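This briefing walks through one structure, topic by topic. Keep the sequence and the 3D view open while reading.

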Amino acid sequence: MISRRGLMLGSAAVGLVSLAPSAIGQVPASIDTLPPSAPVKRFPLIAREIDWKLLGPGQPATKRFCAYDGEPFKVFRFDRGTRLAVDFENQLPDPTTVHWHGIRVPYLSDGVAPLTQEVIQPGGKFSYNVPLPDSGFYFFHPHCDETGQIGRGLFALLVVDDPAEKKAGYDAECFIVVKDWRLGDDGQWIAMSTDEGASTAGTFGTVRATNGSTVAPRVEAPAYGDVRVRTIVADATRVIDLGCDTEDAFLVATDGQALLPPAHLDKLPDGIWRMGPAMRADVQVRMPEPGKEVKIYDYRSSEPYLLTTLVAVDKGKRKTPFKPKPLPASTAPMPDVSKAKKMEYLLQVSAGPTIVSPALPADDPLSKALVDSLCVGDKTHWAISRDSWSTKDALRLVPPLEQLTAGSSYIVTCTNVTKHVHPMHLHGHVFRVLSSTKKQSMPQYLADTVVVEPNESVQFAFKAASGNWVFHCHILEHMDTGLMGWFRVT
Ligand code: C2O
Ligand code: CU
């Protein structure tokens, strides 16, 4: 007979087998998305805590800010077709993992405990194999205590360039990182999550910020030039309506994938692009004459909230007719919609914890091992089609939403029957958003995260890749309180 202690010393999966034998089943093959001959870039990556003057000079430094390599908002940039060999080290005092959001990685590098790896304990190391098969704008972040760790700043931007795109030539590029902070008057962290927030729209920051600054950045760009404005919502909670005060702006990429043809921002429903946590958008802005400005706003706030001001400076460019530059088409595998199998899911409030296996006493060492390996939240507020991801009051691995076949196409219809918005993210895939019952005039677009409004049904299609892939709301308190499921693709 195997002892509890034996289970503790074994892998995280051992503990899971003991709780949910039916959920383990077949292990998918971890398929690489680049050939073995791809150039390799090997580098160390360290997660650690630093002190950072979030509120600006003269203000107290915030302790225990979390950052990769100790650098807030670090931007990593590589050419498409590169393979990253990342030697990750956890110097945080808590367990963590790294998830490469939006990148088609082999699933064993997807960073989701317990489906793809065990958590990396403080002082622990893990090597990630991160091929970059598609160009675009991505980010990476922990996939354990997301609310706490991303809330304290732990994420980095990842830009994958396509050499063909470089030739298309923008005159300037600018990043807008939407990330608020939960700070008390003394500049120190306050609780990242509240029960009230977790069960409603999420807990908002107390300090709004863009690129870490409470004052909207001012960025100079060549007059009459084209600026590629790359916006990401890295906040745990906030949903924005991205827009600007010029007509000369086109949405050219959604979640890093080219939008073909580019869409006139003004002509989209309400003249905005709605973005939930984790979503990225690339907008091409044509700059006006020298001295004039373009302002980029979040129109979702009661008053439009200024995100960034672009200031036109004379760089000797002449005025030319404005034409949006289409980006090279996405290289991600596309679904065959005509042959796709259909699946339907409801996003719901949970009807209380669904405990299939008897809960373990909290002081049982196995409880702690499971809590660590599952990275579970405190309570259950949400469910996908009546099933909720594990929480501390329901320790188990939920069965997969569906068993899929690698290479086959699927259409998911997601219907939100709650009162709150849910940006739903599927790991390891680029999907095509086909339709929505609320935004009929929207063109189809590619994404890895899609906003589903209350009373809205959204349809998206994808070609399944081998692996265990989670599907969850990216309002982090929602995912921590049940709004997460997974697909097994073999
Ligand atoms: Cu950006 Cu499952 O995460
Ligand atoms: Cu949600």
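Donors are N, O and S atoms within 2.8 Å of the metal, and water is not among the atoms, so sites may look incomplete. With that in mind, the donors of the copper ion (ligand 2) follow the spacing H-x50-C-x4-H along the chain. The model is a predicted one.

**Copper site**

- Three protein residues supply the donors of the copper ion (ligand 2): His422 through ND1, Cys473 through SG and His478 through ND1.
- These donor atoms lie 2.0 to 2.1 Å from the copper ion.
- His422 sits in strand β23 (residues 422–426), and His478 sits in helix α8 (residues 476–480).
- The two histidines are 56 residues apart, so the pair links distant parts of the chain by the numbering of His422 and His478.
- His422 has 0% relative accessibility and therefore counts as buried.
- His478 also has a relative accessible area of 0% and is buried.

**Strand β29**

- Strand β29 spans residues 484–489, and six of its six residues are buried, so the rest of the structure largely encloses it.
- One side of β29 carries Met484, Trp486 and Arg488, and the other carries Gly485, Phe487 and Val489.
- Both of these faces are covered.
- β29 pairs with strand β21 (residues 402–404) in the parallel sense, over three bridges.
- Within that stretch, Leu404 has Val489 of β29 as its bridge partner.
- β29 also pairs with strand β28 (residues 467–473), here in the antiparallel sense and over six bridges.
- His472 has Met484 of β29 as its bridge partner.

**Asp110, a buried charge**

- Asp110 lies in the loop between β5 (99–101) and β6 (125–131).
- What is the nearest side chain of opposite charge to Asp110, and how far away is it? It is Arg104, at 11 Å.
- Asp110 is buried yet has no salt bridge.
- The side chain of Asp110 does make a polar contact of 2.6 Å with the side chain of His427.
- Beyond residues up to four places away in sequence, Asp110 touches Val98, His99, Trp100, Val105, Thr116, His427 and Trp469.

**Backbone exceptions**

- Most residues other than glycine have a negative phi, and most peptide bonds are trans.
- The bond between Ala113 and Pro114 is a cis peptide bond, with omega about 5°.
- Pro114 lies in the loop between β5 and β6.
- The peptide bond from Leu260 to Pro261 is cis as well, with omega near -10°.
- Pro261 belongs to strand β14 (residues 257–264).
- Asp145 is not a glycine but has a positive phi of about 45°.
- Asp145 is found in the loop between β7 (136–141) and α4 (146–151).
- At 36% relative accessibility, Asp145 is partly exposed.
- Tyr224 also has a positive phi, near 65°.
- Tyr224 is found in the loop between β10 (218–222) and β11 (226–233).

**Salt bridges**

- The structure holds 33 salt bridges.
- Asp195 and Lys379 form one of them, with their closest N and O atoms 3.0 Å apart.
- Asp195 is in helix α6 (residues 195–198), while Lys379 is in the loop between α7 (365–374) and β20 (382–384), 184 residues apart.
- Both ends are partly exposed: Asp195 has a relative accessible area of 42%, and Lys379 has 38%.
- Arg286 forms a salt bridge with Asp226, and the closest N and O atoms are 2.9 Å apart.
- Arg286 and Asp226 are both buried.
- Arg230 forms a salt bridge with Asp282, with the closest N and O atoms 3.1 Å apart.
- Arg230 is in strand β11 and Asp282 is in strand β16, 52 residues apart.
- Arg230 counts as buried at 1% relative accessibility, and Asp282 is buried at 0%.
- Arg230 and Asp282 belong to one network of salt bridges with shared partners, which also takes in Arg77, Asp161, Glu173 and Arg228.

Terms used:
Residues numbered from 1 in each chain as written. Chains lettered and ligands numbered in written order. Predicted model: local features only at pLDDT ≥ 70, side-chain atom pairs only at ≥ 80, totals over all residues. Heavy atoms only, no water. Donors = N, O, S within 2.8 Å, 3.2 Å for Na, K, Ca; no water. Helix = DSSP H or I, 4+ residues; strand = E, 2+ residues; numbered from the N terminus. Buried < 20%, exposed > 50% of the residue type's maximum accessible area, 1.4 Å probe, protein only. Pairing = 2+ DSSP bridges. Lys, Arg positive; Asp, Glu negative; His and termini not counted. Salt bridge = Lys/Arg side-chain N within 4 Å of Asp/Glu carboxyl O. Polar contact = N/O pair within 3.5 Å; in protein donor to acceptor, adjacent residues only side chain to side chain. Contact = heavy atoms within 4.5 Å.
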